[in-house]
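Here's a quick rundown of the salt bridges in this one. Have the structure open while you read.

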Amino acid sequence: MLENTSLIALFLILFFLLVLSAFFSSSETALMSLNRYRLKHLAQKGHRGAMIASNLLARPDRLIGLILLGNNFVNIFASAIATVIGIKLLGENGIVVATFTLTLVILLFAEVTPKTLAALHPERVAYPASFVLKPLLFLLYPLVWFTSAITNRMLGLFGVSREDATSTAINIEELRIALMEAGSMIPNRHKDMLMSILDLEQVTVNDAMVPRNEIEGIDINQPFTDIIKQLSHCGYTRLPVYRDSMDNIVGILHVRKAFNLMTQDNLNPQTFQSIVKEAYYVPEGTPLNTQLIQFQRKLRRTGLVVDEYGDLLGLITLEDIFREIVGEFTANTIDDEKEIHPQSDGSYLINGSANIRELNRTLDWNLPTDGPKTINGLVLEYLESIPDPGVSLRIDDYVIEVIQTADNAIRTVRIRQFQPLIEAEQS
């Protein structure tokens, strides 16, 4: 039959078969390259193409069987057509010429080019192709089912089952990479917040708490007039109440309740003690994500961090956890003394009590945070002694010079970020 067909008709048939081959090749690559999470999102929004593609991908064995069945059929048929054309044009030698020519044509125009296009723009190819593949699957279902059954049986001989497919769920590290690669699709501010939420399980209450020596509290044994005066100048909403020292915590005071009693002229030692709430204690080393849930469950906003012996280490609040997520979101009206003082030479004078994590976040530095929490503790750990003023050391890419020491602690340091030699040469 083919021998009696004109060359023009044979070339038209061959061209049509190559187009079909390109369609099947590009469809396979596009459907397998789709972002599954975007596909689910579009399908839930009612995108017709996404819904059909999602339905096809629900049984990848049948989808691949259908595509390969069609692709192999058109390629083999194209090979037969090319052979007939070769014989008509070149005789017996045309078989070899047709084989090499068709191989090159299929490789370029029916495999590499359409698959590359599909890989670069999977949605543009996959969704229109799904409208063709869906009815084609219905028409060829018996044949597709037969090939899929044999394939699954053969895989079963090697201990492989279709139900063993890896879940599409992603872990935290994969989600973090997805956020980093989101580019302009997610604003940088939102991206930073999402990354901070993912990092909460790696940060503990020890990293975010107010150290014990910086906690402002009320000594219930002091004269009540002094308590009134302290409340009048207080900038916090909640304060620990203790007896004689922080080692003897009485509870937590909600300052607003005290103000309400003051406006009613009803604040006295008895009413003051009645509004002091029982303290809530938090074990050291508790991850911030866990503590956030605990605050929610216990309806608390403030906790006292204690070690394994019950000794007070610091104070953690709900605002401290939020600050780890969104950064500084309120002006500090309590402490007018800045911890960071930029200098004209590019260095910074920094208080020894400054928190390293806050410095990294504020100045975009990378000082180590896996050990001490403050600059004072970091320098003391590296030097293993209390240094004299003027002593300098280098930690990673930062030169730290001790400026002032007092009371067995480092009060002020100068930090200069060291510029690597390679970057200096490039600049």
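**Salt bridges at a glance**

Aspartate 345 pairs up with arginine 416 in a salt bridge, with 3.2 Å between the closest N and O atoms (a salt bridge being a side-chain nitrogen of Lys or Arg within 4 Å of a carboxyl oxygen of Asp or Glu). By this rule you get 12 salt bridges. Keep in mind that the model is predicted: local features need pLDDT of at least 70, side-chain atom pairs count only at pLDDT 80 or more, and totals for chains, interfaces and linings use all residues. Residues are numbered from 1 along each chain as its sequence is written, and side-chain values use heavy atoms, leaving out hydrogens and water.

**Aspartate 247 and arginine 212**
- These two side chains form a salt bridge at 2.8 Å, N to O.
- Aspartate 247 sits in strand E4 (residues 245-254) and arginine 212 in the loop between strand E1 (210-211) and strand E2 (218-219), 35 residues apart; strands (E, at least two residues) and helices (H or I, at least four) are DSSP runs, numbered from the N terminus.
- Aspartate 247 is exposed at 57% relative accessibility (exposed is over 50%, buried under 20%, partly exposed in between, using a 1.4 Å probe and protein chains only).
- Arginine 212 is partly exposed, at 29%.

**Arginine 357 and glutamate 324**
- Their side chains meet in a salt bridge at 2.6 Å, N to O.
- Arginine 357 is in helix H16 (residues 356-363) and glutamate 324 in helix H15 (residues 318-326), so the pair ties together parts 33 residues apart in sequence.
- Glutamate 324 is buried at 9% relative accessible area, while arginine 357 is partly exposed at 22%.
- Glu324, Arg357 and Arg361 are joined in a salt-bridge network.
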